[in-house]
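I opened my notebook today to look up a few spots in a protein model. Here is the structure I was working from.

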Amino acid sequence: MVRKSERDLAHLWGRLEKLRQGPLRAGAFRSELHTQRIGALLGIALGVSFSICFATGLLSHLIQQPPAWFEWPSRPAGLYRITQGLHVFTGLVSIPLLLGKLWAVYPRLWMWPPITGLLHLVERVSLVPLVAGSLFLVATGLFNIAYWYPFGFFFPTGHYWAAWITVGALIVHIGAKIVLTTKVLGRAAPPETTAQRSSRRAFLSTIAATSGVVLLTTVGETLRPLSRLAVLAPRRPDFGPQDLPVNKSAAGARVLEVARDPGYRLAIEGNVARPLQLSLDDLRALAQHEARLPIACVEGWSVEATWRGVRVRDLLAVAGAPDEASVGVESLQPSGLYRRSELSPAHAHDRDTLLALEVNRMPLHIDHGFPLRLIGPNRPGVMQTKWVSKLVVA
Ligand code: HEM
Ligand SMILES: Nc1nc2c(c(=O)[nH]1)N[C@H]1C(S)=C(S)[C@@H](COP(=O)(O)O)O[C@H]1N2
Ligand SMILES: [Mo]
């Protein structure tokens, strides 16, 4: 039955031979770099970078919007810095790999006959979400870290759903190509002329070198010894007040006046035996604790600093919060997605989770969250709330 319909299909394409014009002609693509071998090699490299990128991106999503079954520990303190750094750098390195791969295989889009059967049709159709999704992911990711928002949707939502669609299509694609890939790479490479060999080497080394340059000129946004090379990174770890970059400034958050109000109080309320209102002097009179912790932004940059302030768990004890309390941390910032973050019980009770009054032995600069900011181990930067005015205990 299947055989018969495949024969019918072959017959049909035979009668449509006259449609083979332009790129559909046999031998329309002359470059010797469009080989199965190069397609397979670049496919494997992309498969690895996309898998790391998907796993670390998904992790970042779970940390910020945890479902009931997910718990993100507060230790090791620098883990998120590594996973999100990996996300952004594998994403950036994927750009030259993806462009190289698409160039190597695009003649196959004009293969003849276009469809040989049902499975082949499914495989061909899955290329649409795969290619569109991949390009969409690297483009939106790149625009996001460059602080350019030309699209009219909320970046993480679009990027998140595109990731699922792309990875779904990627699994279909790997399923369809795995046999061919192992076959092509398993046998000895076909003989090449000297000219063929040098153009293959030049092509693959250009892709490798471009990936290397992308990495070298951005990774300094988190690896401080390389910070001077980070010419393509939008944030340099050593540039900003108090040796620390600023993402949202006090002016941008519209807190310049409220943050300097002498009547400032930190409120601790919710599920507590003794609700509190603490002035800055009250906070300074409590036991101070110092911790060396990174700010690790979702955008991939990160910087370590020395923070000093009051432990959240000490404040919870004074207010009489339950042992397993979780805490909502609210900012003076009147509006915006990042004006509040949640501390899970593990994070709220970590000895290094602080409401900081100082950074690098200086009173906090207003752009870093004066009068008071949250800083804790192993948290995305977006969850290190600045200009804190309230702890809501649950
Ligand atoms: C140039 C390439 C890429 C860059 C620069 C990039 C950058 C980012 C950034 C900055 C975030 C954090 C968003 C936020 O929470 O505000 C993110 C999240 C994420 N990325 Fe990427 N990304 C890239 C490619 C990819 C690729 C190829 C995949 C999948 C294969 C992917 C999957 C995800 C997922 C699932 C999230 C979580 C989204 C959420 O929190 O809802 N990214 N990415
Ligand atoms: N209230 C408030 N806190 C915030 C933000 C914000 O927009 N509003 N941005 C967060 C982000 S995205 C990061 S990376 C860190 C950066 O802290 P820094 O500006 O002191 O380096 O602050 C976080 N705290
Ligand atoms: Mo951030």
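My entries below go from the ligands to some details of the chain. I keep in mind throughout that this is a predicted model.

**Entry 1: the iron**

I started with the metal. Which residues coordinate the iron atom of ligand 1? I found His 87 and His 159, each through NE2, at 2.0 Å. Next I checked the geometry: the site has six donor atoms, with angles of 81 to 179° among them, and is octahedral. I noted beside it that ideal octahedral angles are 90 or 180 degrees.

Then I looked at where the two histidines sit. His 87 belongs to helix H3 (residues 79-105) and His 159 to helix H6 (residues 155-186), so the pair ties together parts that are 72 residues apart in sequence. Are His 87 and His 159 buried or exposed? I can write "buried" for both His 87 and His 159.

**Entry 2: the shell around ligand 1**

Ligand 1 is surrounded by 24 residues, and the closest are Gly 57, His 61, Gln 64, His 87 and His 159. Sorting the shell by type gave me 14 nonpolar residues, nine polar and one charged.

I also looked up some polar atoms here. His 61 has a polar side-chain atom 2.5 Å from an oxygen atom of ligand 1. For His 87, a side-chain N or O atom is 2.6 Å from a nitrogen atom of the ligand. For His 159, a polar side-chain atom lies 2.8 Å from a nitrogen atom of ligand 1. Helix H2 (36-64), H3, helix H5 (127-145) and H6 are the elements that give two or more residues to this shell. Which element gives the most? I found that H2 does, with seven residues.

**Entry 3: ligand 2**

I turned to the other ligand on my list. There are 19 residues around ligand 2, and those that come nearest are Pro 245, Gln 333, His 368, Arg 373 and Lys 386. Gln 333 places a polar side-chain atom 2.6 Å from a nitrogen atom of ligand 2. His 368 has a side-chain N or O atom 2.7 Å from an oxygen atom of the ligand. With Tyr 338 I had to look at the backbone: one of its polar atoms there is 3.5 Å from a nitrogen atom of ligand 2.

**Entry 4: Asp 352**

I picked one aspartate to study. Asp 352 is in the loop between helix H11 (345-348) and strand E7 (354-359). I call Asp 352 buried because its relative accessible area is 8%, and the cut-off for buried is under 20%. What does its side chain meet? I found a polar contact with the side chain of His 289, at 3.0 Å. Asp 352 also touches other residues, including Arg 75, Leu 293 and Pro 377.

Then I listed some exceptions.

- The bond from Trp 112 to Pro 113 is cis, with omega near -5°, and Pro 113 lies in the loop between H3 and helix H4 (118-125).
- The bond from Phe 370 to Pro 371 is cis as well, with omega near 10°; Pro 371 is in the loop between strand E8 (362-363) and strand E9 (373-375).
- Tyr 147, in the loop between H5 and H6, has a positive phi of about 60°, and is partly exposed at 26% relative accessible area.
- Arg 361, in the loop between E7 and E8, has a positive phi of about 65°, and is exposed at 60%.

Terms used
Residues numbered from 1 in each chain as written. Chains lettered and ligands numbered in written order. Predicted model: local features only at pLDDT ≥ 70, side-chain atom pairs only at ≥ 80, totals over all residues. Heavy atoms only, no water. Donors = N, O, S within 2.8 Å, 3.2 Å for Na, K, Ca; no water. Tetrahedral: all angles 85-135°; square planar, octahedral: opposite > 155°, others 65-115°. Helix = DSSP H or I, 4+ residues; strand = E, 2+ residues; numbered from the N terminus. Buried < 20%, exposed > 50% of the residue type's maximum accessible area, 1.4 Å probe, protein only. Polar contact = N/O pair within 3.5 Å; in protein donor to acceptor, adjacent residues only side chain to side chain. Contact = heavy atoms within 4.5 Å. Near = heavy atom within 4 Å. Nonpolar A, V, L, I, M, F, W, Y, C, P; charged D, E, K, R; others polar. Lists of a residue's contacts leave out its neighbours within four places in sequence.
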